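Please examine the sequence and the three-dimensional model shown below. The paragraphs that follow lead through it step by step.

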Amino acid sequence: MSEIKTIGVIGAGQMGRGIAQVAIQSGYDVLLFDAFTDGLNKGVSFIQAQLNKGIEKGKWDKAAAEAAQARLRPVEELTALKICDLVVEAATENKAIKFDIFAELDKICPPHTILASNTSSISITEIAANTSRPDKVAGMHFMNPVPVMKLVEGIKGLETSADTFATVRATAEKMGKTFIAARDIAGFAVNRILMPMINEAVYALYEGIASAEDIDTAMKLGTNQPMGPLALADFIGLDTCLAIMEVLHDGLGDTKYRPCPLLKQYVLAGRMGKKSGKGFYEYNV
Ligand code: CAA
């Protein structure tokens, strides 16, 4: 197993900032990169605010939060990641963007560096094919909100080596997460199950089976889920949910994965969920 001391995180959005926070609090040195200065600054301020909130709530002491903060280095050049042992990419869920990033990282990083993606649905095997080190590429799929959710779904691409996968597992476990191993087939394990459930909830609404509130109450109180499926879809982003359903539909070719027309229509209307202020519910943004 390779030793991991320095982790690069690409993308300071919702997922990247959470991964960076958990990594610095687990003793790793972290270089946080974002292509946009504004996004990078927002990510760093968010982490700082979360660390302070934890002090106020008595989750950790001031010294531990300060030590964690000192391990975080925001960087504006991708080339700065050349000192990393592991890079976790959490950029936009877009194939072309991810392929470019991995091809660049492959040039920048030394041969021992493991390149992981937080993708929720893009093939790890295909991402790895953009590098000269497919044995050192794996999926490391964190859940949102990262500091709260206990799972990391590990995805083994066709060429991922046993050593790479063991290293990624050990790193996730050092971050306090439970690691499960999934094959690199459309949707992996989490979204293969979660997204059809969400899509079915949208169909239930579309077919007038019950109101959005009642569908969510049914699943919250009837099956002890912390959020109903429609509220969860808003939380994840309806565009993301639709994109993942399309990956399942295309990748598995079964009509049971057909995205609900109402989900498509909401996305066309710009109703992306919580982040846009409106999805199945309305939000103050
Ligand atoms: N970052 C860090 N911490 C956060 C947070 C965030 N963005 N949002 C909430 N929290 C923390 C709060 O600080 C609070 O911590 P303490 O209990 O220590 O004070 C705790 O989470 C609970 O928060 P709240 O009391 O504000 O709210 P809640 O009890 O309603 O919980 C929730 C909010 C954790 C989001 C909960 O509703 C939940 O677990 N929902 C389901 C989330 C889920 O299923 N996520 C997976 C989505 S799928 C995915 O990510 C993968 C994919 O590919 C699509």
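How many residues apart in helix H3 are Lys-62 and Glu-66? The model in which this is asked is a predicted one. Lys-62 and Glu-66 are 4 residues apart in helix H3, which spans residues 62-70, so about one helical turn separates them. Their side chains meet in a salt bridge, with an N to O distance of 3.1 Å. Lys-62 is exposed, its relative accessible area being 53%, whereas Glu-66 counts as partly exposed at 47%.

A search of the whole structure finds 11 salt bridges. One of these joins Lys-278 to Glu-282, where the closest N and O atoms are 3.9 Å apart. Lys-278 is partly exposed, with a relative accessible area of 35%, and Glu-282 counts as exposed at 63%. Salt bridges that share partners also join Glu-89, Glu-93 and Lys-98 into one network. Are Lys-98 and Glu-89 buried or exposed? Both Lys-98 and Glu-89 are buried.

The discussion now turns to the sheet. Eight strands form an open sheet with mixed pairing, in the order E3-E2-E1-E4-E5-E6-E7-E8. Strand E3 (72-75) and strand E8 (178-183) are its edge strands, each pairing on one side only. From one strand to the next, the twist averages 25°. Helix H6, residues 162-174, packs on this sheet. The strands that H6 touches are E1, E4 (86-89), E5 (114-117), E6 (137-142), E7 (151-156) and E8. The direction of H6 makes about 25° with that of E6.

In which sense do strands E1 and E2 pair? Strand E1, residues 6-10, and strand E2, residues 29-33, pair in the parallel sense over 5 bridges. Thr-6 stands opposite Asp-29 in E2, and Ile-7 stands opposite Val-30 in E2. Strand E2 is mostly covered, with 4 of its 5 residues buried. As a general point about such elements, the side chains of a regular strand alternate between the two faces of the sheet.

Leu-72 lies in strand E3, and the C-alpha atoms of Leu-72 and Val-30 are separated by 5.0 Å although the two residues are 42 residues apart along the chain. Why does Leu-72 count as buried? The relative accessibility of Leu-72 is 10%, and a residue is called buried because its relative accessible area is under 20%. Leaving aside residues up to four places away in sequence, Leu-72 touches Ala-20, Ile-24, Val-30, Leu-32, Val-44 and Ile-47.

At the level of the whole chain, the domain assignment of the protein gives domain 1 (6-182) and domain 2 (192-274). The C-alpha centres of domain 1 and domain 2 lie 27 Å apart.

A helical element provides the next example. Helix H9, residues 229-236, is mostly covered, and 6 of its 8 residues are buried. The buried residues in H9 are Pro-229, Leu-230, Leu-232, Ala-233, Asp-234 and Phe-235. What covers the buried residues of H9? The covering elements include helix H7 (190-206), helix H8 (212-223) and helix H10 (238-252). H9 is followed by Gly-237, whose phi is positive, near 110°.

The cysteines remain to be considered. A disulfide is a covalent bond between the sulfur atoms of two cysteines. With a cut-off of 2.5 Å between cysteine sulfur atoms, the count comes to 0 disulfides. For Cys-109, which is in no disulfide, the nearest cysteine sulfur is that of Cys-84, 6.4 Å away. Cys-109 counts as buried at 5% relative accessibility. Cys-241 is likewise in no disulfide, and the nearest cysteine sulfur, that of Cys-260, is 12 Å away. Cys-241 is buried, with a relative accessible area of 1%.

Key: Residues numbered from 1 in each chain as written. Predicted model: local features only at pLDDT ≥ 70, side-chain atom pairs only at ≥ 80, totals over all residues. Heavy atoms only, no water. Pairing = 2+ DSSP bridges. Helix = DSSP H or I, 4+ residues; strand = E, 2+ residues; numbered from the N terminus. Axes fitted to C-alpha atoms, helices over the stretch in contact; angles between N-to-C directions. Contact = heavy atoms within 4.5 Å. Salt bridge = Lys/Arg side-chain N within 4 Å of Asp/Glu carboxyl O. Buried < 20%, exposed > 50% of the residue type's maximum accessible area, 1.4 Å probe, protein only. Domains from an automatic or database assignment.
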